[in-house]
Amino acid sequence: MRKWLNRILALVFILFISTVFLVTMAVKGPMYAYGFFKSYKYDLKEDATIFDNLRARIYKLDYNTRERLFLRNEMRLLNARFQTLIGKEIFDVGGKDTIRLTNGAFYDMFTQKGTEEKMYELIDFSKKLREEKNIPTAFAYCHCGVYEEDLLPEKYRPMDSNNSFADKFTKEFELAGISVTDSRAAYRRANLSPDDAVMNSDIHWTHRMALETAYDAVKNMNRDLGLQLDEDALLFERFHDEVHEDLLLGEIGTRLGEDLVSKDDIHVFYPEYDTHIDFRSEKDEVVKERSGSFEEVIIERDKLRLTDDNDYSTTAYYVYGDYLATIHTVNENAPDTRILVFKDSYGTPVSAFLTLAAREVVAIDLRSTTLSMEEVVNEVNPDVVVFAYSQQMLRKFDYEIAD
């Protein structure tokens, strides 16, 4: 009996996998083909080798498999349900070790190793900019996950390398003479709570943490680099706090399910004082230009929209802009300094707030360009370069820094 049951289950499984494959190809096949034969070229430099070409194609196939597989979300939710039923404390969904914290929030533990050689490449690049071009650099570290260690169940703390990895990075940058802003220090200085700092349903930090980190970065650059950026422009008490309750169901929420993970409030901060900014963004060769107040040109309210047939948004975190878009802002009322920000999705709201403190801000994610960091610096010719990165970016940083 067991033999036949095993055969029937195996047959059902094979039929299911075949159905997933066939429907995926029928619905998303053109996107797979487009990625493999055309859009992979967007990640290649002109002098790319055959191995670079192959790597880019494989990356596109892997991305499409992860993001465009038929029933992908449903299978992840089913997996989470099974793990809940059998009483697992760590959810392994989508390749992430997700654990419930003592305050009820969920957290993706940092168990993988980082790419430390890239850390030293960034430090060497910073020294090169200072010595050869007289351009100072600053590192705005965007901490993610747990700000208070005791939120992790005690037996799992040795598994998580979140804080130790952050300590190493910030210490090495400080020893190299680079201005360092640690968002953990901003968290303590602003007397925030975990709920103020970290999303419950998403991997990202809150916009309040981005604002406090931007303020500390401006203050530290003025102190360490002798700049005259406008610190007062980023004081929290000078901002409107527009609250959208229970709006966001982010990556963790969509991975584990709405019944397991509560939705997040979204706070939209914009200055109470008068502002005027000229704004230009570019993504996938689409250029957008507008002028107006910070609220009008920086905040993208369409990201607050609800998903079809649901009472939540999956895009509300990106209300301060798409991280893959390159932005260039001019604020004539701010001190005459040009800042170049290399950012990720955590650094995107930081760069948005920096537009209030400096005359010009250029912010770019290396995932949206084939240029190296050095080529971007040569093109922009900034007064200061800021790295606004999270651990997720730093641990797998594989982008070209300098020739």
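A surface patch here is made of residues with over 30% relative accessible area and no salt bridge, where like charges are joined within 9 Å and nonpolar side chains (Val, Leu, Ile, Met, Phe, Trp, Tyr) within 5 Å. Accessible areas come from the Shrake-Rupley method with a 1.4 Å probe, and for residues only the protein chains shown count as cover. The salt bridge named in that rule is a side-chain nitrogen of Lys or Arg within 4 Å of a carboxyl oxygen of Asp or Glu.

The structure you are looking at is a predicted model, in which local features need pLDDT of at least 70 and side-chain atom pairs count only at pLDDT 80 or more, while totals for chains, interfaces and linings use all residues. Residues are numbered from 1 along each chain as its sequence is written, and side-chain values use heavy atoms, with hydrogens and water left out.

**Surface patches**

Phe 21, Leu 22 and Met 25 make a nonpolar surface patch of about 310 Å². Met 25 belongs to helix α1 (residues 2–37); helices (H or I, at least four residues) and strands (E, at least two) are DSSP runs, numbered from the N terminus. With 31% relative accessibility, Met 25 counts as partly exposed, on a scale where buried means under 20% relative accessible area, exposed over 50% and partly exposed in between (1.4 Å probe, protein chains only).

A negative surface patch is formed by Glu 245, Asp 246, Asp 265 and Asp 311. The place of a charge is taken as NZ of Lys, CZ of Arg, CG of Asp or CD of Glu.

You will find Asn 191 in the loop between α6 (183–189) and α7 (194–197), where it is exposed, with a relative accessible area of 68%.

**Salt bridges**

By the rule above, the count comes to 21 salt bridges. Three of them are set out here.

| Pair | N to O distance |
|---|---|
| Lys 128 and Glu 374 | 2.7 Å |
| Lys 283 and Asp 322 | 2.6 Å |
| Glu 332 and Arg 359 | 3.6 Å |

Lys 128 is partly exposed, with a relative accessible area of 24%, whereas Glu 374 counts as buried at 12% relative accessibility.

Turning to the pair of Lys 283 and Asp 322, with its N to O distance of 2.6 Å: Lys 283 is in strand β8 (residues 277–283) and Asp 322 in the loop between α10 (294–297) and β10 (326–330), so the contact ties together parts 39 residues apart in sequence. Lys 283 counts as partly exposed at 30% relative accessibility, and Asp 322 counts as partly exposed at 22%.

The salt bridge of Glu 332 and Arg 359 links distant parts of the chain, with Glu 332 in the loop between β10 and β11 (338–343) and Arg 359 in the loop between α11 (347–354) and β12 (360–364), 27 residues apart. Glu 332 is exposed, with a relative accessible area of 52%, while Arg 359 is partly exposed at 21%. Elsewhere, salt bridges that share partners join Arg 189, Arg 208, Glu 212 and Asp 216 into one network.

**A buried strand**

Now for the inside. Six of the six residues of strand β4 (residues 137–142) are buried, so this strand is largely enclosed by the rest of the structure. In a regular strand the side chains alternate between the two faces of the sheet. In β4, Thr 137, Phe 139 and Tyr 141 point one way and Ala 138, Ala 140 and Cys 142 the other way, and all are buried.

Which strands does β4 pair with? Two strands pair if DSSP finds at least two bridges between them. β4 pairs in the parallel sense with strand β13 (residues 384–390) over six bridges, and Phe 387 in β13 is the bridge partner of Phe 139. β4 also pairs in the parallel sense with strand β5 (residues 179–182), over four bridges, and here Ala 140 stands opposite Thr 181.

Note on methods
Lys and Arg count as positive and Asp and Glu as negative; His and the chain ends are not counted.
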